[in-house]
Amino acid sequence: MKKTLTAILLSALVLTGQAAKKTVAHAGYPITQVPFTSVKISQNTFWGQRIKAAREVTIPLAFSKCKSEGRYENFVKAAHPSDKYDVSKFMGYSFDDTDVYKTIEGASYVLQSYPDKKLKQYIDSVLDIVGAAQEPDGYLYTARTINPQKPHGWAGSKRWEKEEELSHELYNLGHMVDAACAHYQATGSTKFLNIARRYADCVVREVGPGKDQATVVPGHQIAEMALARLYVLTGEKKYLDEAKYLLDYRGKTAHKNAYSQSHQPVVDQKEAVGHAVRAGYMYAGMADVAALTGDSAYIKAIDAIWNNIVSKKYYLTGGVGARHAGEAFGANYELPNLTAYNETCAAISMVYLGQRMFLLHGDSKYIDFLERTLYNGVISGMSIDGGRFFYPNPLACDGKYRFNADNSIERQPWFGCACCPSNLCRFIPSVPGYVYAVKDRQLYVNLFVGNTSTVNVAGKTVTLEQTTQYPWDGDISIKVLATKQKDFQMMVRIPGWVRGEVVPSDLYTFNDGKQTGYTVTVNGQKVDGQLQKGYMAINRQWKKGDVVRVHFDMEPRTVVANSQVKDDQGRMAVERGPLVYCAEWKDNQNMDIFRFVWNKNPKFDVVNCPGVVGGIRELTTTGQALSQDKEGRVSVKDVRLTLIPYYAWNHRGVGKMEVWLKKDL
């Protein structure tokens, strides 16, 4: 069976991008993600605005911080090492190099939609600095190279010595490779790719199970995903072999720790534990290697882990990581709100995981999971203007508990440990790559985003234009602008939220009794039929000018949590479409939102507010608020409550916020 599965997976071929037309490699997944280079997000749309903010504010800010915070200078020093340097005195973290790599990756994604000669030249100038720091054998890790005799305190006395603890040498490799692949896809230049391949080749030679190799695994995962990506791009199997080694040897080296998911072999792991970012990256890497090798044991393990997350460890906002201690998953059903960690990077890792699970299994529930995290847990980490950030993303704020990475309670322009802002730099511009997917003659419409795209379906191109105001309303138009492929099946995702399913488990459920529905038409004719794994399949001979129109009933819905989630008992939350809502102090100054109590059957008004936090739809309803006078007497008054999308909170000052409000006293 394994040989058959491998043959099926490796039969799919993919072009790695418009700049790589001559490079063909095995994709591995049964379903192929349409590359970011094929999808142009429309400006003045929900995602167009966010990509614009990343392009105009976040990425320039990150490049400026790389300069002002010494990231570039570290490479300059590494190009001219000296025993005079005490690295720990000027380098904050051993993974500071990755801020440069991640920012280049994000800038590369932007370049494909917004060609910019000055930006391309600037990246080239940065790569000159990076390349000059590379040692003759390809090793590139400034925390050691600057002064091998007195490296960064986390680096150890020799290469790979502290990799399983704090050195982050392989973590640096992972971000470098990801960035180099994106840069090559967007520009066609091999300048960065050659640098990254030399470091990857160094790792292949020096890290492994051999007698003269360092038998270690990453202390912080991501190299597994990156090496699999490098294999797909180059066809060089040594990179895939290295990725599989890095996974296969977890739980088998001297370092065994649940914090870094090295407590047991990956195929024996069934529960999401430890540092949530490390975990998410590892699970995504397992999916990549499973697809490329046909390892069914890997698939069985990540199926179990994903089910554990979505059933017991997943916040309503799509965040993961309940505990500040260790930035970690908690126990099953441990989902506190005020003290939730929900690191922005962990949410990004869940998008990676959800996409890969879909590419393996073709079920819309994984895109539902991805979408919830994308619209809530990820974009909450970056302000609307792209210039301020959250590290954790709690579901409640009392105005006092200092939850952020720098012990603050408001969005910050940067952090000493800058992994989240720089990760957003690379992730937000990559969103075009999540909209569509293909399998044989099937074209999957996964996300509803205004865009134009040219997709390869069974060897022939199909050009689509998608128009929508989603997530503000549930109307989508998909027009065929041109098609050389007449015979294909368009698979339109029907989200779980419109079919009465909050998440693909019993962790959260709608409790308002509403029945919402959807319609799909082609050229005005209604399309009926049974859904296929959550998709409406439209078979026809397509022609230029065909229009698919989709309508989702987008009602405010009330949600309750599983009774085992103690922190949400007696509470209720609200969402509309893919967006989770919260109550914030700014809109509710006539009461203490922590003392608000829902009406038994709340009715909501949807209010268009173009001037609030970049333009949002507010929800308003009535309820009761408790208050207490100086003598301790409690009184109740009728109040009107205003809710805003969760991602938009903390833009207008510090104060109370809550997602889960009381329904019972």
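Visitor: Let's start with the sheet: which residue stands opposite Ile 478 in S16?

Guide: Val 548 in S16 does. Before we go on, this is a predicted model, where local features need pLDDT of at least 70, side-chain atom pairs count only at pLDDT 80 or more, and totals for chains, interfaces and linings use all residues. Residues are numbered from 1 along each chain as its sequence is written, and side-chain values use heavy atoms, without hydrogens or water.

Visitor: Which way do S10 and S16 run in that pairing, and over how many bridges?

Guide: The general idea is that strands of a sheet pair through backbone hydrogen bonds, either parallel or antiparallel. Here S10 and S16 (residues 547-552) are antiparallel, over five bridges. Labels like these are DSSP runs numbered from the N terminus: helices are H or I with at least four residues, strands E with at least two. Two strands pair if DSSP finds at least two bridges between them.

Visitor: What is the strand order of the whole sheet?

Guide: Read it as S4-S8-S9-S10-S16-S13-S14, an open sheet of seven strands with antiparallel pairing. At the edges sit S4 (39-41) and S14 (525-526), each pairing on one side only.

Visitor: What joins S9 to S10?

Guide: A hairpin does, by way of six residues. The two strands run antiparallel, with seven bridges between them; for instance, Leu 464 has Val 480 in S10 as its bridge partner. Look at the loop between S9 (460-468) and S10 (475-483), too, where you'll find Pro 471. The peptide bond joining Tyr 470 and Pro 471 is cis, with omega at about 15 degrees.

Visitor: Is Gln 261 buried or exposed?

Guide: Gln 261 is buried, at 0% relative accessible area. Buried means under 20% (exposed is over 50%, partly exposed in between, with a 1.4 Å probe and protein chains only). Trp 160 counts as buried as well, at 4%.

Visitor: How many residues of H15 are buried?

Guide: Nine of the nine residues in H15 (residues 419-427) are buried. Among them are Cys 419, Cys 420, Asn 423, Arg 426 and Phe 427.

Visitor: What does Phe 192 touch?

Guide: Leaving out residues up to four places away in sequence, Phe 192 touches Tyr 101, Ile 104, Leu 127, Met 176, Ala 179, Ala 180 and His 183. Phe 192 belongs to H8 (residues 191-206) and is buried, with 0% relative accessible area.

Visitor: At what angle do the axes of H9 and H11 cross?

Guide: Roughly 30 degrees, with the axes of H9 (residues 223-234) and H11 (residues 276-293) coming within 8 Å. Axes are lines fitted to C-alpha atoms, over the stretch in contact for helices, and angles run from 0 to 180 degrees between N-to-C directions. H9 and H11 are therefore roughly parallel; that covers angles under 35 degrees, while over 145 is roughly antiparallel, 65 to 115 roughly perpendicular and the rest oblique. Residues of H9 that meet H11 include Met 225, Ala 228 and Tyr 231, and those they meet include Tyr 281, Ala 284 and Leu 292.

Visitor: And how do H12 and H13 pack?

Guide: At about 130 degrees, with the axes of H12 (residues 296-312) and H13 12 Å apart, so these two are oblique to each other. The contact involves Ile 299, Ile 302, Asp 303, Trp 306 and Ile 309 of H12, and Met 350, Leu 353, Met 357, Leu 360 and His 361 of H13.

Methods
Contact means heavy atoms within 4.5 Å.
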